[in-house]
Amino acid sequence: MIHDMPRGMGSGRVEQLSSFAVRQAELNSLAYIDYYREVIAPASDAGSHRPRLTRMSVVEGIGRAAEAWSETFVRLFGNRLLRTCTLLPFRGVLAPRSLIDPHRKWCPLCLQEEHSTTGDTYEPLVWRLTDVEWCPKHDRRLEVACPICCRCRQDWMSFKARVGCCRYCGRWLGQESSIGDAEPAHIGLYYARFCEEMLRLPAALKDSQTLIPGSEIACALRDVFFAGSSHQMGRALAMPTGLCNEYCAGRIPPSLMFYFRSGLHTGATAEELFVTNVFSRDKLALSEQLAFEPYRARARRTDQKERVIESLNQALTSFPPQSVRGLALQLHVDPNFVWRSFPNLAAEISTRHSAYTAQLAASRRAEFTADVRAALDRFGPSIAPNQMKAILEDPACYLNCWKREVIMEEIAAVLVDEAPVGAMVKTSSNLQ
Ligand SMILES: [Zn+2]
Ligand SMILES: [Zn+2]
């Protein structure tokens with residue numbers, strides 16, 4: 001068996017474990033399912049939790065699935081650093097809930113760039129973090145839907161999974177260029193940069209060093225920046241005081257959002273937060289005017305719904321009318337989600353769009369008919385197909401059903417108008 005090491009190791013763009021596993025299967029010219037059966041499953045220790053091949057196991061998180069998978073890979077390849085392809089080093093530092101997105105996200109430009117420069121590609125771990133929705137390298141939102149088959153909810157696993165390819169239709173997801181989002185969300189870019197900086201840290205730790213536990217970080221922040229008051233800290237970060245107390249007491253590890261807000265408010269870097277705990281108060285003055293939205297335990301779907309409904313309402317008055325599918329792809333959500341959540345609005349948009357496309361098709365047909373008529377006026381009904389193709393500048397006009405139909409109809413009309421009944425038989429070969 002051939003194998004290599006995870007890409008981007010020691011950087012903020014370290015490869016995610018599932019991308020690494022898929023790439024090893026590709027290196028050995030095996031389908032992913034066969035690689036799992038032949039290599040991964042036999043390598044798992046009988047006594048420990050066996051790495052399971054289920055869609056819902058989060059291989060990159062900090063739970064049991066990640067533990068089982070990373071232990072198996074460490075045993076297979078003999079490198080402890082493979083744990084840095086998951087969030088396991090952040091156990092006790094970050095709250096595990098909703099930390100990793102069970103579905104894939106990707107930046108098509110990054111995929112393509114990596115492929116053009118190295119001839120190979122990989123999917124970084126940072127794309128799997130739920131809070132990361134932007135690519136800071138290209139200032140664009142990460143994609144969640146395949147541009148060809150439009151399927152969202154791309155699992156980390158499929159029997160024939162390939163890196164950088166759609167899990168459903170298998171198409172390559174990289175793109176040379178794309179129309180970026182008009183206005184990159186600065187806060188989104190900050191989150192992504194913060195996470196890249198954070199993911200770089202575990203590989204840089206010395207042998208016996210570990211990341212600082214979440215409770216110690218919360219206490220240090222509270223004491224250095226907020227005069228030892230959880231209430232003050234809660235107010236500054238727009239988080240409930242009770243929650244800050246829980247973090248400081250070590251009853252629950254702080255959420256990633258807590259670190260984002262602390263970093264933004266105090267100017268502390270990820271390294272200062274997770275490794276050194278040495279803070280400087282100089283940067284505080286710059287960010288004191290920052291005001292956060294009140295922290296609520298809101299479902300991600302609620303935010304998504306608000307974003308979608310706003311765009312749907314806008315789409316009702318915009319011109320040219322967009323299709324529900326096009327709109328969903330533009331918003332980076334599943335078209336089925338739009339249909340399920342807003343059936344009436346989606347139906348209204350669809351009606352508008354289909355009326356528009358019907359009108360467009362009719363005008364295109366009228367234009368084409370006029371062109372055919374002009375050609376027939378000039379060259380007569382015995383015009384050769386090649387000549388017709390050249391005049392219309394459309395080499396495929398006889399292959400397209402409706403265009404062929406129009407040409408036949410127009411030739412027939414001219415023949416009926418001009419020729420005596422007997423001539424129809426002679427020239428009927430033109431209709432073929
Ligand atoms: Zn990118
Ligand atoms: Zn696809």
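What follows is a short chat about a predicted model.

Reader: How many helices and strands does the chain have?

Author: The chain of this predicted model has 18 helices and two strands.

Reader: And what share of the residues is buried?

Author: Buried residues account for 33% of the 432 residues in the chain.

Reader: What share of the contacts joins residues at least 24 apart?

Author: That is 65%, counted among contacts between residues at least 6 apart in sequence.

Reader: Helix pairs next. At what angle do α1 and α2 cross?

Author: Helix α1 (residues 17-27) and helix α2 (residues 32-43) cross at roughly 95 degrees, and their axes come within 9 Å. An angle of 65 to 115 degrees counts as roughly perpendicular, and α1 and α2 are therefore roughly perpendicular to each other.

Reader: Which residues make the contact?

Author: From α1 they are Ala 21, Val 22, Gln 24 and Ala 25, and from α2 Tyr 32, Tyr 35 and Ile 40. By class, six residues in this contact of α1 with α2 are nonpolar, one is polar and none is charged.

Reader: What about α6 and α8, how far apart are their axes?

Author: The axes of helix α6 (residues 214-225) and helix α8 (residues 241-249) are 6 Å apart, and the two helices pack at an angle of about 120 degrees. That makes α6 oblique to α8.

Reader: Which residues are involved there?

Author: Helix α6 contributes Gly 214, Ser 215, Ala 218, Cys 219 and Arg 222, while α8 contributes Cys 244, Tyr 247, Cys 248 and Ala 249. The contact of α6 with α8 has six nonpolar, two polar and one charged residues.

Reader: Switching to α17. What does it span?

Author: Helix α17 (residues 401-418) has 18 residues and reaches 26 Å from its first C-alpha to its last, close to the 26 Å expected at 1.5 Å a residue.

Reader: Which of its residues are buried, and where do they lie around the axis?

Author: Ile 407, Ile 411 and Leu 415 of α17 are buried. Seen down the axis of α17, the buried residues fall within an arc of 65 degrees, so they line one face of the helix. Exposed on the other side of α17 are Cys 401, Trp 402, Glu 405, Glu 409, Val 416 and Asp 417.

Reader: Last one, Phe 274. Buried or exposed?

Author: Phe 274, in helix α10 (residues 270-276), is buried, because 25 other C-beta atoms lie within 10 Å and 20 or more count as buried.

Reader: What does Phe 274 touch?

Author: Leaving aside residues up to four places away in sequence, Phe 274 touches Val 93, Met 198, Leu 201, Leu 211 and Ile 212. Leu 201 is 73 residues from Phe 274 along the chain, and their C-alpha atoms are separated by 8.1 Å.

Conventions:
Residues numbered from 1 in each chain as written. Chains lettered and ligands numbered in written order. Predicted model: local features only at pLDDT ≥ 70, side-chain atom pairs only at ≥ 80, totals over all residues. Axes fitted to C-alpha atoms, helices over the stretch in contact; angles between N-to-C directions. Helix = DSSP H or I, 4+ residues; strand = E, 2+ residues; numbered from the N terminus. Parallel < 35°, antiparallel > 145°, perpendicular 65-115°, else oblique. Contact = placed C-beta atoms within 7 Å. Nonpolar A, V, L, I, M, F, W, Y, C, P; charged D, E, K, R; others polar. Expected span 1.5 Å × (residues − 1). Buried ≥ 20, exposed ≤ 12 C-beta atoms within 10 Å, placed from the backbone. Arc of directions from axis to C-beta.
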